[in-house]
Amino acid sequence: MSNKHVTLNFPDSNQSVELPIITGSMGPPTFDLKTLHKNSGYFTYDSGFAATAACRSAITFIDGGKGVLLYRGYPIEQLAQNSNFVETSYLLLNGELPTKDQYDSFDTEIRYHTMVHEKMKMLMSGFQYDAHPMAMMVGVVGSFAAFYHDWMDMSDPEHRRLAAVRLIAKMPTIAASVYKNSVGQPFVYPRNDLNFTERLLHMMYAVPSEPYEPNPVAAKALDLLFMLHADHEQNASTSTVRLVGSTGANPFACVSAGIASLWGPAHGGANEAVLNMLDEIGDVSNCDKYVAKAKDKSDKFRLMGFGHRVYKNFDPRATIIRKACHEVLNELGVNDPQLELAMKLEEIALKDPYFVEKKLYPNVDFYSGIIYKALGIPKQMFTVMFAIARTVGWVSQWLEQYETADTRIGRPRQVYTGPTTRDYKDFSDR
Ligand code: ACO
């Protein structure tokens with residue numbers, strides 16, 4: 001913390017308040033409002049947290065203006081090129097890249113915790129076959145708090161770490177079971193000789209009646225997508241996990257809340273929404289019409305997969321995925337007219353003054369859906385894939401929150417706009 005401060009002057013009372021400036025290792029300076037209300041009687045209003053830092057974090061850094069994304073200081077482009085999802089998970093959780101021995105033991109630990117309680121099958125059987133997979137994920141992951149609660153002492157760092165590892169390891173097993181439930185096939189147990197994404201593909205697509213070997217191109221593509229989605233600092237779902245976590249709730253309950261938050265089309269649900277939108281647009285010849293709809297303020301239609309709260313230049317993940325999208329479709333021999341449609345839409349929107357002036361660029365979800373589709377993953381499972389990857393970010397942030405000295409229960413204030421004080425009336429007087 002520096003000795004600098006800002007001074008806020010309050011015209012009504014001729015009063016002023018000094019607020020200390022906090023500087024992180026990178027990023028804009030921030031002034032600390034903690035004492036503002038006590039010393040001035042004022043609150044601040046920042047709907048949607050457009051300019052409010054809710055925590056200190058050493059995990060992920062974004063410079064939205066420059067299109068920079070760093071995990072623990074490492075550029076996402078370098079990780080995408082050289083790392084894999086398990087190593088990236090270790091990095092996010094522990095702060096440093098692992099040595100070979102640390103990597104091997106973390107990888108083994110993840111493999112060891114992939115099984116889930118047999119009773120999960122009974123839970124699953126309670127859902128209709130057509131239940132949305134994200135609805136099932138919210139329910140099933142939340143219910144795991146019941147399996148892993150009494151043993152857990154949140155003040156014990158080893159218990160917290162084990163909860164984090166369990167969540168990362170079990171999430172693909174739960175996700176694949178959700179998928180199997182929706183297609184009416186038997187659940188497939190995790191094959192721990194396979195790597196993280198091969199194991200997921202095996203649990204999703206293997207059937208007892210015939211052999212199945214995961215396609216390495218598909219597994220590698222998934223691994224890349226998972227790395228790119230692993231964390232994104234204080235986005236809506238991560239902030240949800242932190243808010244729930246700040247109450248001391250069970251980590252499975254916190255992550256279940258994060259999944260619920262991720263589901264919305266303005267957040268992780270956008271990858272499913274992008275494909276729905278491409279279906280609706282149907283043909284390249286309709287692009288202009290839909291771009292016009294997106295610009296029309298009286299029309300609720302938005303170009304899904306475009307725009308980002310933080311990135312106002314480009315989303316570095318989208319740049320990586322755009323390239324990967326072409327490569328994966330080529331390698332798998334998939335010729336998808338929706339990719340052509342997406343490219344045309346991107347081309348029109350990037351030249352259109354409305355999108356240029358508002359700095360609306362394709363985000364990570366604009367292309368991820370097309371890759372998932374090429375891998376044979378059904379639309380409704382796209383956000384589930386995102387949840388598997390983001391679990392690493394959620395648990396890393398949850399652990400960090402526990403270990404940060406000034407963490408308090410999250411409790412926003414409000415600007416009250418309801419009726420002023422009034423007296424209760426009997427029915428006869430209303
Ligand atoms: N299509 C058309 N117009 C848009 C779009 C879009 N996709 N996104 C933003 N705008 C316009 C808004 O209408 C607004 O215009 P105005 O200033 O004239 O009122 C302006 O751009 C700013 O938009 P906001 O909604 O205020 O920006 P905000 O930061 O609150 O929202 C968000 C960001 C939610 C991502 C938004 O751009 C959006 O809805 N995009 C489509 C959904 C999407 O792709 N979400 C995925 C985000 S990435 C992720 O979660 C992994």
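## Buried helix positions

Ala 270 counts as buried, at 5% relative accessibility, where buried means under 20% relative accessible area, exposed means over 50%, and partly exposed lies in between, with a 1.4 Å probe and protein chains only. Its place is in helix H12, which covers residues 270-281; helices are DSSP runs of H or I with at least four residues, strands are DSSP runs of E with at least two, and both are numbered from the N terminus. The model is a predicted one, in which local features need pLDDT of at least 70 and side-chain atom pairs count only at pLDDT 80 or more, whereas totals for chains, interfaces and linings use all residues. Residues are numbered from 1 along each chain as its sequence is written, and side-chain values use heavy atoms, with hydrogens and water left out.

Two further helix residues are also described here. Ala 324, in helix H14 (residues 316-332), counts as buried at 7% relative accessibility. From Ala 324 to Phe 61 the C-alpha distance is 23 Å, while the two residues are 263 apart in sequence. Thr 391 belongs to helix H18 (residues 382-403) and is buried, with a relative accessible area of 0%. A polar atom of the Thr 391 side chain lies 2.6 Å from the backbone oxygen of Ala 387; a polar contact is a pair of N or O atoms within 3.5 Å, and within protein one atom must be able to donate a hydrogen and the other to accept it, while residues adjacent in sequence count only if both atoms are side-chain atoms.

## Surroundings of the ligand

The ligand is surrounded by 21 residues, of which the closest are Arg 302, Leu 303, Gly 305, Arg 309 and Lys 358; a residue is near a molecule or strand if one of its heavy atoms lies within 4 Å of it. This shell divides into eleven nonpolar, five polar and five charged residues, where Ala, Val, Leu, Ile, Met, Phe, Trp, Tyr, Cys and Pro count as nonpolar, Asp, Glu, Lys and Arg as charged, and the others, Gly among them, as polar.

The protein covers 74% of the 920 Å² of accessible area that the ligand has on its own, with areas taken from the Shrake-Rupley method with a 1.4 Å probe and, for residues, only the protein chains shown counting as cover.

## The sheet of E1, E2 and E3

Three strands form an open sheet in the order E1-E2-E3, with antiparallel pairing. Strand E1 (5-10) and strand E3 (30-31) stand at the edges, each with a single partner strand, so one side of each is left without a neighbour in the sheet. Strands pair if DSSP finds at least two bridges between them, and E1 is joined to strand E2 (residues 15-22) in the antiparallel sense over six bridges. Within this pairing, Val 6 has Leu 19 in E2 as its bridge partner.

## The sheet of E4, E5 and E6

A further open sheet of three strands has the order E4-E5-E6, again with antiparallel pairing. Its edge strands are E4 and E6, each of which pairs on one side only. Strand E4 (residues 60-63) and strand E5 (residues 68-71) run antiparallel and are joined by four bridges. Across this pairing, Thr 60 stands opposite Tyr 71 in E5, Phe 61 has Leu 70 as its bridge partner, and Asp 63 has Val 68. Four residues lie between the strands in the hairpin of E4 and E5, where Gly 67 takes a positive phi near 70°.

E5 pairs with strand E6 (residues 74-75) in the antiparallel sense over two bridges, and the bridge partner of Tyr 71 in E6 is Tyr 74. The hairpin of E5 and E6 has two residues between the strands, and Arg 72 takes a positive phi near 50° there.

## Aromatic pairs

The structure holds 18 aromatic pairs, counted when rings of Phe, Tyr and Trp (its six-membered ring) have centres within 6.5 Å, with planes under 30 degrees apart taken as stacked, over 60 as edge-to-face and the rest as tilted. One aromatic cluster is formed by Phe 306, Tyr 354, Phe 355, Phe 366 and Tyr 367.
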